[in-house]
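Trainee: Could you walk me through how to read some features of a protein model?
Mentor: Gladly! Let's look at it together.

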Amino acid sequence: MKTHFRGNGKIPPPLLRWLKISVITIVGSFLLFLLLNRLFPLPDKVEYSTIVTDNQGEVIHAFLTRDQQWRMKTELSEISPLLRKTVIEKEDRYFYRHPGVNPFAIARALGNNILRGHRTSGASTITMQVARSLDPRQRTYWAKAIEVFRAFQLEWKYSKNEILQLYLNKVPYGGNIQGVKSASIFYFNKNPDHLSLAEITALSIIPNRPSSLVIGRNNGQIVEQRNKWLRRWAASGVFTPAEIADALAEPLTASRGSVPGYVPQLAWRLKKEGNPIIHTYIEMNKQLKIEKLVKDYSRTLALKNIRNAAVIVLDNQTHHIISYIGSADFHDSTDGGQVNGATAIRQPGSTLKPLLYGLCIDAGLLTPKMTITDVPVNYEGYAPENYDRRFNGYVTMEYALEHSLNIPAVKSLKMLGKDRLIEKLSQCDFHQIQKDRRRLGLSMILGGCGATLEELTGLYSIFSNEGYYTRPQLTRSADSNAKPTRILSPAAAFIIDQTLSKVNRPDFPLNWESTVHLPKIAWKTGTSYGRRDAWSIGYNKRYTVGIWVGNFSGLGIPELSGANVATPLLFKVFNTIDYDDELPWFSQPSDCDVRMVCPESGLPPAQFCDHPVMDYFIPLVSPVKKCDNKAEIFVSADEKLSYCRSCLPPAGYKKKLYRIVPPEMKEYFETNRIVYQKIPPHNPLCEKVFREGAPVVTSPSGGSEYLINRKDPEPLQLRCRVSNDVGKVYWYINDKFYKAGEAGSVAFFIPDEGPVKISCTDDKGRNKNIWIRVRYVNL
């Protein structure tokens, strides 16, 4: 019979029809949702206040959004189990069970509203509240329908925890405070994961009446409402009796505070990255101590019209920047306190010299005891001078670095090649030097380039890391890019460490009190041209500290110097952050060895070298040529003539030991009237052609163009260097004899306009020609 269907496995037609209609409805609704979701995408872009945190995750600086709201982003890790449980119990206890809309709550609310004739209860879930905050509209039934659609969109796109996070970030707390993190910072001065049950409950009440319940103004009413909810939860067993008792007993004394404003220059610098939460490595305990130290120290310098300073502290083991002071006082407008002195491009003075000498050591050009001549030089018109405008003759590399001599540094850069130094500085993130690399010359080693305190502090960290450079890390997001780069060998870094750690140096601060603790550090100072910038950068195994002192206006001050102004602050900072450094000092690496060298040349001793000294060197890299500083010369019995083997007489001569003096040192000795042992003039009857030791014209500079005032022409100087066996020189202008003079003497002439050939011939027949171009102008 047709009416019997049981047991035959067939579905009744009415039920089948109903199932088909249900499936079609569900599928159609789903497809319609997908279409609408594509046509009307969820407006879920939320602008958050940029916040900066310290190494503990505490907020140390924050910025308003463009719509002038305090909307700090709460991270998922900051939503504690207590915060999640409390909010869900109060706002939407079925949050994790419904698809964004609670149909039972809607039905209940709708029935109550119809029966009573007005709105008595709501049915909005947490998801719907988020949807309303993302797409706010006037409260109508159509707006509620859109709200439901937006809620489904949220559930489709985000997880439940992410939706809860959005709710906690958008919930209003009165005024321009949005989000639980902003509220917890302003009212309780703590992060949301540190809030107590009483504090969370008090905050959860405010969004329902944000204008009438204001913490600090209506605390009594808030406590009353808070306790009502706490007793309700106690009755339903949501929390334990002990938890409820503690929360009920907790007073509410909070009021609206202010957002932290620490490390302002760093915060503004990092804000440009565009991240809502910027996690730094700043250690606030050290930061606050150094800030006060810099502020107090700058006040003592104000009497000298020196008004600003900047400090960076870098942890050498983690490469984290743990302290960052951009100016002495951010709120002082006297000398641009809001300028970030740590990123300002300034002349670095002599601070690049340690890297230069380290590179020369690695290139096999120098060792600490090798000598360099500190005498006047001229490189195509560039004639550097020392800080005190004096010359020192023979100096060792370590002496030149200790005393920060300019001429040996320029000579060393000439030997190494400026491109090699620029390449290494570029690897150390010196952006301005990389940008200007085609325009830089030998003067860059004396400060003729641009660098920042951030860059210099990072550079000096290589000396405490065996020559490796790792980009200093301001934020946690930079960790993935921190890859070490080899800049110096461990041996070169160690040798520089040993030199810069000596205390008996001319750049030791004269005003440092002997009773004050002297930190065990290595350091280097620098003073820019015009005394506009004073630098002192020091390090030990634990920290590298960079100091800049000066005026942001660029005003030069006669008393400003790296030694006497910046270094005392460097010592004070180290005494503040690392008074009793327990780490051992740098040890000699395996690629560094010691050897005996001649004290006069720094080269391995030869037959005539006396009193050798110990020196560091790098095996298979450092020079192995033996010292040729002295030689036995054949001289006449009265020591008035010298001979070579081609003109040596049969008798009447002897051997005598002489120091070989290069032409520039001979000129230095004679200019300064320093007595030295001269090799007698060579035998005038010798027929050998001298091919070496020709004069070197030092003035004018060959290949240069000279502009001369047509109305008042000034003569050009003629000057040369000759071998120590030369007694007289002869000058020729355009192949015409001009003048003769003693070796080392100076002559002057007024040239004709156009190309000019200048020839210098010594009394041995050796000649040197140079060309210059002269142009007369009306000045």
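Trainee: What covers the buried residues of α21?
Mentor: Keep in mind that this is a predicted model. The cover over the buried residues of α21 includes the strands β8 (371-374), β9 (393-396) and β22 (716-721).

Trainee: Which residues of helix α21 are buried?
Mentor: In α21, which spans residues 663-671, the buried ones are Met665, Lys666, Glu667, Tyr668 and Phe669.

Trainee: Is Asn189 buried or exposed?
Mentor: Asn189 counts as exposed because its relative accessibility is 62%, and the cut-off for exposed is over 50%. Arg531 has 27% relative accessibility, so Arg531 counts as partly exposed.

Trainee: Where is there a cis peptide bond?
Mentor: Go to the bond from Ser699 to Pro700, which is cis, with omega near 0°. Pro700 is found in the loop between β20 (696-699) and β21 (705-709).

Trainee: Now for helix packing. At what angle do α8 and α9 pack?
Mentor: Helix α8 (residues 197-205) and helix α9 (residues 219-236) meet at an angle of about 115°, and their axes are 9 Å apart. That angle is why α8 is described as roughly perpendicular to α9. The crossing of these two helices is right-handed.

Trainee: Which residues make the contact between them?
Mentor: From α8 come Leu197, Ala198, Thr201, Ala202 and Ile205, while α9 brings Ile222, Gln225, Arg226, Trp229, Leu230 and Trp233. Sorted by class, the contact of α8 with α9 has 8 nonpolar, 2 polar and 1 charged residues.

Trainee: Can we look at a charged residue? Is Glu454 buried or exposed?
Mentor: Start with the place: Glu454 lies in helix α18 (residues 453-460). Glu454 counts as buried because its relative accessibility is 16%, and buried means under 20%.

Trainee: Which side chain makes a polar contact with the side chain of Glu454?
Mentor: That partner is the side chain of Arg269, at 3.0 Å. Setting aside residues up to four places away in sequence, Glu454 touches Arg269, Ile312, Tyr324, Ala342 and Thr343.

Trainee: Let's finish with a loop. Where does Asn540 lie?
Mentor: Asn540 sits in the loop between β13 (533-539) and β14 (543-550). With a relative accessible area of 1%, Asn540 is buried.

Trainee: What lies 2.9 Å from a polar atom of the Asn540 side chain?
Mentor: The backbone nitrogen of Arg542 does.

Trainee: Which residues is Asn540 in contact with, leaving aside its neighbours within four places in sequence?
Mentor: With those neighbours left out, Asn540 is in contact with Asn316, Ser464, Lys520, Ile521, Phe574, Asp578, Asp581, Trp585 and Phe586.

Note on methods
Residues are numbered from 1 along each chain as its sequence is written. This is a predicted model: local features need pLDDT of at least 70, side-chain atom pairs count only at pLDDT 80 or more; totals for chains, interfaces and linings use all residues. Side-chain values use heavy atoms; hydrogens and water are left out. Helices (H or I, at least four residues) and strands (E, at least two) are DSSP runs, numbered from the N terminus. Buried means under 20% relative accessible area, exposed over 50%, partly exposed in between (1.4 Å probe, protein chains only). A polar contact is a pair of N or O atoms within 3.5 Å; within protein, one must be able to donate a hydrogen and the other to accept it, and residues adjacent in sequence count only if both atoms are side-chain atoms. Contact means heavy atoms within 4.5 Å. Axes are lines fitted to C-alpha atoms, for helices over the stretch in contact, and angles run from 0 to 180 degrees between N-to-C directions. Angles under 35 degrees count as roughly parallel, over 145 as roughly antiparallel, 65 to 115 as roughly perpendicular and the rest as oblique. A crossing is left-handed if the near helix is turned anticlockwise from the far one by less than a right angle, and right-handed if clockwise. Ala, Val, Leu, Ile, Met, Phe, Trp, Tyr, Cys and Pro count as nonpolar, Asp, Glu, Lys and Arg as charged, and the others, Gly among them, as polar.
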